[in-house]
Amino acid sequence: MTPTRTIQSFIDAKKENLSPSEEVWNSLKGFRKWNEPELIGLRNASGYYPDIYFEAGMDETIAKLLAKFQERVVPHKF
């Protein structure tokens, strides 16, 4: 399951007052391997559904991962 589809499936399940599937939870466990846009989406989804953060310190981990992406950005002039 793609990270984007994982987040969307989680949101859909919560909107219908259902528990997210095991596949969604398993995919969420691999968030450390996700790219920057997916991590930003995960962080945004947590604003509406805070229980998407299933482990302690997950927000700090995401912040560190996003900081690593920012380190790769090379400034340039036009």
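I started with L42 and asked what it touches once its neighbours within four places in sequence are set aside. In this predicted model, L42 is in contact with I7, L28, F31, W34, I52, Y53, M58 and I62.

Next I looked up the largest nonpolar core, which has 16 residues. L42 turned up again there: L28, F31, W34, L39, L42 and I62 are the members that touch the most others. Two or more residues come from each of α1 (3-15), α2 (22-28), α3 (36-48) and α4 (58-71). Which of them gives the most? That is α4, with five residues.

Then I stepped back to the whole chain. For overall dimensions, I noted that the C-alpha atoms fill a box of roughly 50 × 25 × 20 Å along the principal axes.

I also wanted to know how much of the chain is buried. The figure is 31% of the 78 residues. On sequence separation, I took the contacts between residues at least 6 apart and found that 51% of them join residues at least 24 apart.

Key. Residues numbered from 1 in each chain as written. Predicted model: local features only at pLDDT ≥ 70, side-chain atom pairs only at ≥ 80, totals over all residues. Heavy atoms only, no water. Buried < 20%, exposed > 50% of the residue type's maximum accessible area, 1.4 Å probe, protein only. Contact = heavy atoms within 4.5 Å. Core = buried A, V, L, I, M, F, W, Y, C linked by side-chain atoms within 4.5 Å. Helix = DSSP H or I, 4+ residues; strand = E, 2+ residues; numbered from the N terminus.
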